[in-house]
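Hi,

Here is the structure I promised to pass on.

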Amino acid sequence: MLKKINITIAFLALLILLTGCDQPKEGVVAKVGEEEITEEEFSDEYNLFENIYIRQFGEDAMSQIGEDGRALEEILKEQILDKMIFEKIIKKETDNMDISVSDEELAEKIEEYIAMTGGEEEFSEFLETSDITREYFSENLRKEILVNKHKEDYISSIEVEEEEARDFFNENKEQLEVIRASHILVKTEEQAQLVLDRINSGEDFEELAEELSVDKASGLLGGDLGYFTKGTRIPEFEEIAFDLEKGQISDIVKTEVGYHIIKLVDKKDKFEELKDEMIMILKEDEYKQEKDRLRENAKVVIY
């Protein structure tokens with residue numbers, strides 16, 4: 001988790017550069033052009049993610065220390081501010097490109113979230129326990145959809161030759177192996193042993209994940225963590241997960257966030273299996289460069 005949200009030195013340098021000598025404005029944390037990001041908006045956004053992390057990883061989640069020696073709270077605040085700044089930049093870009101999000105698109109996406117959480121009652125409970133209003137959820141989802149539409153529009157114009165993708169795969173093969181895994185996360189070794197005993201006695205892994213995993217986000221999906229590559233998960237977790245065979249279930253795995261039981265769902269380690277992903281990685285890299293260009297050209301002031 002912490003590796004995924006590390007801030008690069010280059011980004012920190014950019015924050016310092018952009019801050020410049022502008023005088024702080026009361027109640028405002030940043031400006032993007034003439035658009036302001038208020039303290040209230042920032043606090044609402046931060047509290048949302050803070051609640052999610054605490055629910056998943058416990059009350060001490062925000063005090064966990066990352067590789068750069070800073071607490072997750074500090075790292076998360078910088079990540080959220082960067083996200084909010086980029087949303088402002090993209091809103092201006094998409095206005096000029098005549099790209100927008102219709103009420104129908106938003107409603108359809110909300111229905112997907114409702115279905116994913118198990119229905120209207122469960123979705124309302126999720127909003128309540130996360131201290132989120134439906135209006136706030138909808139507005140943030142609209143921003144997310146808009147960012148994705150901008151990305152899709154840009155990526156659709158990029159052409160990547162198969163040979164280029166193959167060369168990229170061969171040069172980076174060890175880091176590009178992809179697995180799909182599920183897990184059940186509990187707080188104590190004793191709890192993990194009870195879960196493992198139930199699995200070994202024939203109970204369904206996915207049902208147990210939904211019932212018992214303290215990682216509620218993946219638990220709703222039967223423990224599914226999706227596809228991921230090396231270097232994106234906790235090292236102790238990765239070491240075991242990448243050594244499993246398809247369909248195999250691990251013994252108990254201890255990490256800094258608790259005790260896991262891991263199931264390997266799928267593994268892809270050949271170019272023919274990963275060709276589309278390689279092409280998308282190269283397109284994503286070009287889009288990242290476009291994001292950097294937009295950020296550099298935007299008039300951003302951070303107070």
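Which helix gives the largest share of the lining of the second largest pocket? H3 does, with ten residues. Before I go on, this is a predicted model, so local features need pLDDT of at least 70 and side-chain atom pairs count only at pLDDT 80 or more, while totals for chains, interfaces and linings use all residues. Residues are numbered from 1 along each chain as its sequence is written, and side-chain values use heavy atoms, with hydrogens and water left out.

Back to the pocket. On a 1 Å grid over the protein atoms alone, a pocket is an open set of points where a 1.4 Å probe fits, with protein on both sides within 12 Å along at least five of seven lines, and lining residues have an atom within 4 Å of a point. The volume is the space filled by probe spheres set on those points, which are joined across faces, edges and corners. For the second largest pocket that comes to about 590 Å³. It has 27 lining residues, and Glu87, Lys88, Ile89, Lys91 and Lys92 are the closest to its centre. Helices H3 (72-97), H6 (134-155) and H13 (271-297) each supply at least two lining residues; helices (H or I, at least four residues) and strands (E, at least two) are DSSP runs, numbered from the N terminus. The lining splits into 13 charged, ten nonpolar and four polar residues, where charged is Asp, Glu, Lys and Arg, nonpolar is Ala, Val, Leu, Ile, Met, Phe, Trp, Tyr, Cys and Pro, and polar is the others, Gly among them.

Now the aromatics. Rings of Phe, Tyr and Trp (its six-membered ring) pair if their centres lie within 6.5 Å, and planes under 30 degrees apart are stacked, over 60 edge-to-face and the rest tilted. That rule gives seven aromatic pairs. In one of them, the ring centres of Phe228 and Phe242 are 6.0 Å apart with planes at 80 degrees, so the pair is edge-to-face. Phe228 sits in strand E4 (residues 224-229) and Phe242 in the loop between helix H12 (235-241) and strand E5 (249-255), 14 residues apart. Phe228 is buried at 6% relative accessible area, and Phe242 is buried at 8% (buried is under 20%, exposed over 50%, partly exposed in between; 1.4 Å probe, protein chains only).

Phe228 also has Arg233 over its face, 4.6 Å from the ring centre; a charge counts if NZ of Lys or CZ of Arg is within 6 Å of the ring centre and within 35 degrees of the ring normal.

Cheers
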